Every structure is written in structure tokens, then in C-alpha cells.
Amino acid sequence: MNDIEITQAVSRVLSKYSKTSPETAVQSASAAVTTPDRDSIEAIVASVLAGRQSSAPGASPATGDGAFATMDEAIAAAKQAQIQYRHCTMQDRASFIDGIRKLFLQEEVLQTISRMAVEETGMGNYADKLVKNRVAAQKTPGVEDLLTCAQSGDNGLTLTEYSAFGVIGSITPTTNPTETIINNSIGMLAAGNTVIFSPHPRSRNVSLHCVALINQRLAQLGAPANLVVTVSKPSIDNTNALINDPRVNMLVATGGPAIVKTVMSSGKKAIGAGAGNPPAVVDETANIEKAARDIINGCSFDNNLPCVAEKEVIVVNDVADYLIHCMKKSGALLLCDKQHIQQLQSLVLNEKGTGPNTAFVGKNARYILQKIGIDAPEEVKVILIETERDHPFVVHELMMPILPVVRVENVDEAIDLAVKVEHGNRHTAMMHSTNVEKLTRMARLIQTTIFVKNGPSYAGIGVGGEGHATFTIAGPTGEGLTSARTFARHRRCVMVEALNIR
Ligand code: NAD
């Protein structure tokens with residue numbers, strides 16, 4: 001019998017006992033206790049078991065940092081914590097969320113995790129990681145996201161409430177390691193769940209550091225232990241153990257197509273936040289100077305790591321030269337020499353030419369240019385290349401600041417091509433135009449989860465645009481920009497023939 005089964009069995013027996021002879025059975029044990037309900041008994045048993053587990057011979061005790069030697073132990077801890085967490089009030093939850101926000105908004109913590117992420121993964125840039133981590137802490141919705149719906153009438157009152165799924169397995173990417181942990185922790189805990197993170201092995205240290213900081217802060221706030229856990233050695237095997245464990249109620253995968261497909265085939269409730277290849281369309285009605293600035297800023301943000309970042313530009317011929325001119329003024333270097341372009345292709349694509357060479361993902365433009373013998377000035381943020389529409393740089397998600405530009409005859413052709421190169425990912429697209437009819441046409445045809453008009457891509461995730469922040473954008477499974485309510489079940493509570501006060 002495992003701890004959970006013991007908890008449930010004791011709870012069952014005690015709740016029957018207290019109902020039949022509350023005075024003799026319960027009050028004799030403690031004068032302060034009257035008729036304990038099933039919930040409080042579960043809480044007491046869970047807390048006793050928490051103590052029992054950490055002192056059990058042979059058990060691997062929690063370090064207090066939320067990192068466990070095996071996935072089995074991490075899941076057991078999160079499962080037990082879930083039982084305890086159910087007894088916390090909404091105010092408790094709000095205070096834990098507030099604590100996590102304040103923790104990551106401390107300048108020193110922000111700087112440490114942003115620096116660690118860049119150093120450990122070798123990807124992205126420090127200044128933009130600061131922005132991303134800050135927005136994750138500030139703008140990820142908390143318990144206020146869980147709005148109850150009420151319907152009342154002659155037959156009484158019905159409430160539909162957002163209720164916890166239970167234990168969530170969250171698989172996180174190497175491109176946004178800390179942002180995703182901050183964002184998912186806030187959203188998942190707000191909805192009443194506990195979380196087991198399975199980070200990318202390449203971002204192990206910084207991910208474990210974030211989980212440890214969260215555990216320390218939650219302990220200071222009196223939260224049950226192990227609301228947020230992970231494993232000390234993240235690996236694909238551990239991720240698979242997480243996916244296949246029946247104690248895990250929901251899976252959330254933020255990553256490429258392979259992991260999204262795996263969680264969606266797991267037989268569990270799964271949220272898949274997958275790859276994108278966001279196009280930016282520019283037509284002749286756009287404010288070209290601003291479009292150029294926005295595209296370069298969006299494309300170079302964290303060295304193009306965000307899944308929402310501009311990956312190719314499709315521009316109407318009439319304004320193409322001026323757009324390229326303005327993009328050069330905003331920090332792009334236009335690569336024209338055929339030999340350089342060939343060298344670049346061999347360098348940054350994998351051997352088959354079907355995707356990026358991972359050694360260059362998230363590197364900055366000057367680093368990449370240096371490798372092909374070009375010493376670019378400091379202000380260069382993006383490498384611009386004019387290409388055909390079927391060039392691998394256009395077709396594949398590279399996640400580096402290389403921006404192919406494709407010319408087309410008119411805006412309708414631009415929109416059609418954007419739809420094609422987005423590959424039905426339903427992820428993100430941008431359009432720079434003042435033609436409302438064409439903006440609407442593109443929005444309708446491309447069907448992306450995020451469609452940014454006249455702004456940089458990051459406006460779509462709450463950086464300089466209205467709306468909440470998320471780093472888990474669930475296109476494939478349709479939840480969109482995830483927040484606390486995404487990680488909750490809808491439950492109906494019906495009071496018959498009462499509480500309707502109209
Ligand atoms: P990745 O797919 O290589 O890894 C993501 C996570 O899945 C990691 O934890 C990794 O260990 C795990 N994983 C990958 N393949 C697995 C397998 N076969 N079995 C078990 N576990 C597996 O992705 P990455 O390089 O870390 O991140 C970049 C990708 O993620 C890009 O495609 C990007 O567009 C996408 N992404 C999407 C979103 C979104 O919100 N939609 C956010 C960030 C990143």
C-alpha cells in the first residue's frame with residue numbers, strides 16, 4: 001500500500017467513524033476537535049505522511065529544493081502535496097502566487113537566472129531574458145483568472161467553477177527555460193494543481209535553480225512542501241516516465257513537434273504548445289519605417305528564440321526596396337554576396353538542410369557573421385537575405401536572427417504565401433498594413449493563435465501589447481495563450497430550487 005492509498009483508506013474509515021459516534025471517537029481524542037470533515041482528516045493524514053516519508057529508512061528525502069533523485073519520488077511528492085494543497089484557501093493560493101511574483105521580480109534574482117540561462121544554454125541574450133522573465137512574473141494571471149460562471153432561475157442556482165486537475169507534468173524547453181517555469185508555476189498553482197517539471201537537460205542547472213527558489217519562497221509562506229518539484233537529472237527517460245505515470249493527471253508540453261506529438265498520444269489530457277514559423281507580411285499601405293523597426297526588434301528579440309518571433313518577411317514589390325533600406329537602418333545587415341550566402345547556408349542548416357544546426361540556434365547575428373568571415377559592427381542585430389519563396393530559410397524554423405525576405409506582386413499573394421509557410425502550425429503571424437480588409441483576410445486565412453497587426457511579434461505575448469503574458473502558446477491543442485483557467489477542469493455545482501433571489 002502506498003502513501004496515497006493509506007491516506008485514502010484512513011480518511012474513509014475515520015469519516016465513517018466520526019459520523020456514527022462523533023463524541024466517543026473523535027472528541028475523546030481531542031477536546032478541540034468536534035466532527036472533523038473528510039477534508040480536514042485528509043489534510044491531517046497527508047501532513048503526518050509527509051513527515052513519515054522524509055524520515056522513512058531508505059527513502060530519498062526531499063532536499064527542500066523540490067529536486068528528487070527519481071521521477072517516481074518526484075511524482076509521489078507532488079501527489080501528496082496535492083492532497084494537502086486542496087486544503088489551502090483561495091487566499092493562501094493568492095499569497096503563494098504573490099510570493100513567486102515578488103521573488104522573481106527582485107532585480108538580483110532576475111539578473112541571476114537570466115545570466116545563468118544564457119551561460120548554460122549558450123543561447124539568447126541577457127538583456128532580453130531579463131525582459132522575458134520580468135513579464136512572466138508580472139503578467140501571468142493568478143487566481144483572478146478563475147472566474148466562476150453562475151446561472152440562476154426558477155430551478156435554482158448553478159455554478160460552473162474552475163477546479164484543479166490535480167498533478168500536472170510540465171515539460172519545458174531550452175529556449176525559454178526560466179520564463180516557462182515562472183509562467184507555468186504561477187498558472188498551474190493558481191488553478192490548485194501541483195507541478196512536476198521535466199526541463200530540457202540542456203537547461204538543467206538554471207531550471208533546478210528556479211524550482212529551488214520557488215520551494216524556498218513557498219516554505220517561507222507556509223505552503224505545503226513540494227507543490228513544485230522536478231528531478232535532479234532531467235532526461236528524456238525521466239520525461240517519458242512522467243508521461244506514462246498514472247498519478248499524473250495532465251501533461252503540458254512546451255517544445256517542438258516530437259514532444260507535442262508524444263503528449264498528445266499519451267491517452268491523458270494534454271496541452272501541446274508547439275513549433276511555429278511566423279511570417280511577417282508588409283503591404284504598400286503600411287507605415288514602412290515603423291514596420292521595419294518592429295520586424296527587426298521582434299526578429300532579434302532574445303536572438304530569435306521565441307516561438308513567436310518573426311522568421312520570414314513577405315513584402316509587396318512596390319515597397320520592398322524601401323523596407324529593406326529601413327530595416328538596414330534599424331540594425332539589419334543585408335547579405336548579397338552569393339558565396340557568403342552559400343557559406344551561411346552550409347553553416348546554419350543541419351546536414352540534410354531540413355532544419356537548423358543546433359549549434360547556431362539562439363546565437364547573435366555578429367557571432368554568426370564572424371563564422372563566415374564578416375566582422376560586423378556592434379549595431380547589427382539581424383542578417384537579412386533576399387530569397388526565393390521555397391528557400392530553406394523561409395520554410396524551416398531556424399530560431400536565429402537570420403531573416404529571409406521574399407518579394408511578391410501584391411498583398412493577396414503575400415497573404416497566400418504566409419499561410420503556406422506557416423505550415424498550419426496555427427502559431428503566430430504578423431501583418432503591417434492599414435488596409436482593414438486585407439488585415440481581416442489574412443487573419444481569417446492564416447488561423448494562427450496570435451496575429452499581431454502593426455507591431456513586433458512580442459506584443460502578442462504581452463510585451464508592449466495588451467493582454468496577459470504566457471510562454472506556453474497552445475496552438476495544436478487549441479487552448480491558445482494558456483493561463484490558470486487552462487489548467488483547470490470545469491465543474492458544475494447545482495442547487496435545486498433555492499438560492500435564486502430574483
Ligand atoms: P525540444 O522539443 O527539443 O524540447 C522541449 C522539451 O521536450 C524538452 O524538455 C526536451 O527534453 C523534451 N523532449 C523533446 N523531444 C522529446 C522526446 N522525443 N521524448 C521526450 N522528451 C522530449 O524543444 P526546444 O529546443 O527545447 O524548444 C524549441 C522548440 O519549442 C521550438 O520548436 C519552439 O517553437 C517551440 N516552443 C514553443 C512554444 C509555444 O508556446 N508554442 C514555446 C517555446 C518553444
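**View 1. Contacts along the whole chain.** Of the contacts in the chain with a separation of 6 or more, 74% are between residues 24 or more positions apart; two residues are in contact if their C-beta atoms, placed from the backbone, lie within 7 Å. The model is a predicted one, in which local features need pLDDT of at least 70 and side-chain atom pairs count only at pLDDT 80 or more, while totals for chains, interfaces and linings use all residues. Numbering starts from 1 along each chain as its sequence is written. The chain holds 18 helices and 18 strands; these are DSSP runs (helices H or I, at least four residues; strands E, at least two), numbered from the N terminus.

**View 2. An open sheet of seven strands.** Follow the order E11-E12-E13-E10-E9-E14-E15, with parallel pairing; two strands pair if DSSP finds at least two bridges between them. Strand E11 (332–334) and strand E15 (450–453) are the edges, each pairing on one side only. From one strand to the next, the twist averages 25 degrees. Axes here are lines fitted to C-alpha atoms, for helices over the stretch in contact, and angles run from 0 to 180 degrees between N-to-C directions.

**View 3. Strand E11 and helix H13.** Three bridges join E11 to the parallel strand E12 (residues 382–386), and Leu333 has Ile383 in E12 as its bridge partner. Helix H13 (residues 317–329) lies across E9, E10, E11, E12 and E13, and runs at about 135 degrees to E10.

View 4. Within H18 (residues 436–446), look for Leu439, Met442 and Ile446, which are buried. They sit on the same side of H18 because they cover an arc of only 65 degrees around the axis, taken from the directions from the helix axis to the C-beta atoms. Their cover includes E9, helix H17 (411–422), strand E14 (428–432) and E15. On the face turned away from the buried side are the exposed residues Val436, Glu437, Thr440 and Arg444. Just after H18, Gln447 takes a positive phi of about 60 degrees.

**View 5. The shell around the ligand.** Pro173, Gly255, Gly256, Ala275 and Cys307 come nearest among the 27 residues around the ligand, where near means a C-beta atom, placed from the backbone, within 6 Å. Helix H10 (236–244) and helix H11 (257–264) each supply at least two residues of this shell.

Terms used: Buried ≥ 20, exposed ≤ 12 C-beta atoms within 10 Å, placed from the backbone.
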